[in-house]
Amino acid sequence: MKIHNFSAGPSILNEKVIENAAEAVRSFADTGLSLIEVSHRGKQFTAVIEECRKLFLELIEAPAGYDVVFLGGGASLQFYMAPLNFLKTKAAYIDTGTWASNAIKEAKLVGDVEVLASSKADTYTWYPELGKDYTVPSDVDYFHVTSNNTIYGTQLHKDLDVNVPLIADMSSDIFSRPVDVSKYDLIYGGAQKNLAPAGVTFAVVKLDALGKVDRPLPTMLNYKTHVDKESMFNTPPVFPIYVALQTLKWYKEMGGVKGMQKMCEEKAAVLYNAIDSSKIFRGTVRECDRSLMNVCFVMKDEYKELEAEFQKFATERGMSGIKGHRSVGGFRASLYNALPLESVKALVDAMKAFEAKI
């Protein structure tokens, strides 16, 4: 039986990417050694990380003056590292979910933080709208957004026009839509959702925005350290970077970011249409804020007692990872780039088959 992987992260990778990675673990670049035992400073791996850097920037169409570095610590470390490098006096954030809330908490350790808007009172079921729910003050050092909220299933579908530097956590929707990189001073994210296995973090940085704070920066938490050393200041996460390169190559083969966007929109439409037309399921977030990456839904109140039964029913049909986050309940289907449309259709078939029994 085929397993359909809807895990929220670490999440599905393309089958060809996995095959290439497995082969490199057995024998890497004619070295006679495994990828996971070669020197990160050998010419074979330095070629990998350089190609990965160039292809990453190419696919997101980063203009001149930007670079990408590959780090450890996940997005959670970036919650602190970003303000450490960019916050001089005050920063602005919006609270759109658990990870945005965690980013706010870490930034407050560095300086003043103004939370401009929050949907927490409504269990983060909508995404605050610029100009309607908040405005960005001109006296902040930067404005921070979390572009996609994996736990609650909301997403910011466009790049915001603000009059201050913009920073974004794009852990779970990078490469799912075109982004105007020139609007951002920093884009960061953990790679374990749309790029690579857990263990590597990307940070796309505007080079002339670095070095503006007065505080002394720990060497490892200074973006300039990693830019200057081309992500080689310390031993980088070799295996995840190699897998990231294979994923980026696959993206390019599939038509780049615009190709992935088309696929993501098609997959999400299939599932959301099934939810909206169902007599027993309903979505949990405001329609205009629905995530293309993480589709959250529950049983309607009169069928609530059937949720465990549906979970079992779907699991028996090969659906993996659809249980909602413990703080939300219900169901969550993560439709990351590598998930095929076939899997979404299989989930919809399971939903319809279950509903037919009721």
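Thr-235 is found in the loop between α5 (223-228) and α6 (238-253), where helices (H or I, at least four residues) and strands (E, at least two) are DSSP runs numbered from the N terminus. This is a predicted model, in which local features need pLDDT of at least 70 and side-chain atom pairs count only at pLDDT 80 or more, while totals for chains, interfaces and linings use all residues. Residues are numbered from 1 along each chain as its sequence is written, and side-chain values use heavy atoms, with hydrogens and water left out.

**Annotated binding site**

- An unreviewed UniProt entry places the feature "binding site" at Ala-75, Ser-76, Trp-99, Thr-150, Asp-169, Gln-192, Asn-234 and Thr-235; such annotations may be inferred rather than shown by experiment, and their positions are given in the numbering used here.
- These residues are spread over 161 residues of sequence and also in space, up to 30.4 Å between C-alpha atoms.
- Of these residues, Ala-75, Ser-76, Trp-99, Thr-150, Asp-169 and Gln-192 are included in the lining of the largest pocket, a pocket being an open set of points on a 1 Å grid over the protein atoms alone, with protein on both sides within 12 Å along at least five of seven lines, and lining residues having an atom within 4 Å of a point.
- Thr-235 counts as exposed because its relative accessibility is 51%, given that exposed means over 50% relative accessible area, buried under 20% and partly exposed in between (1.4 Å probe, protein chains only).
- Asp-169, in strand β8 (residues 166-169), counts as buried at 5% relative accessibility.
- Leaving aside neighbours within four places in sequence, Asp-169 is in contact (heavy atoms within 4.5 Å) with residues including Ala-75, Phe-79, His-144 and Tyr-188.

**Cavities**

- The structure holds two cavities of 30 Å³ or more, a cavity being a set of grid points where a 1.4 Å probe fits but cannot get out; a volume is the space filled by probe spheres set on the points, which are joined across faces, edges and corners.
- The largest cavity has a volume of about 50 Å³, and its lining includes Asn-14, Trp-250 and Ala-338.
- The second largest cavity holds about 30 Å³ of space and is lined by residues including Tyr-152, Arg-290 and Cys-296.

- Asn-14 lies in the loop between β1 (4-5) and α1 (15-26) and, at 14% relative accessibility, counts as buried.
- Beyond its neighbours within four places in sequence, Asn-14 is in contact with Trp-250 and Ala-338.
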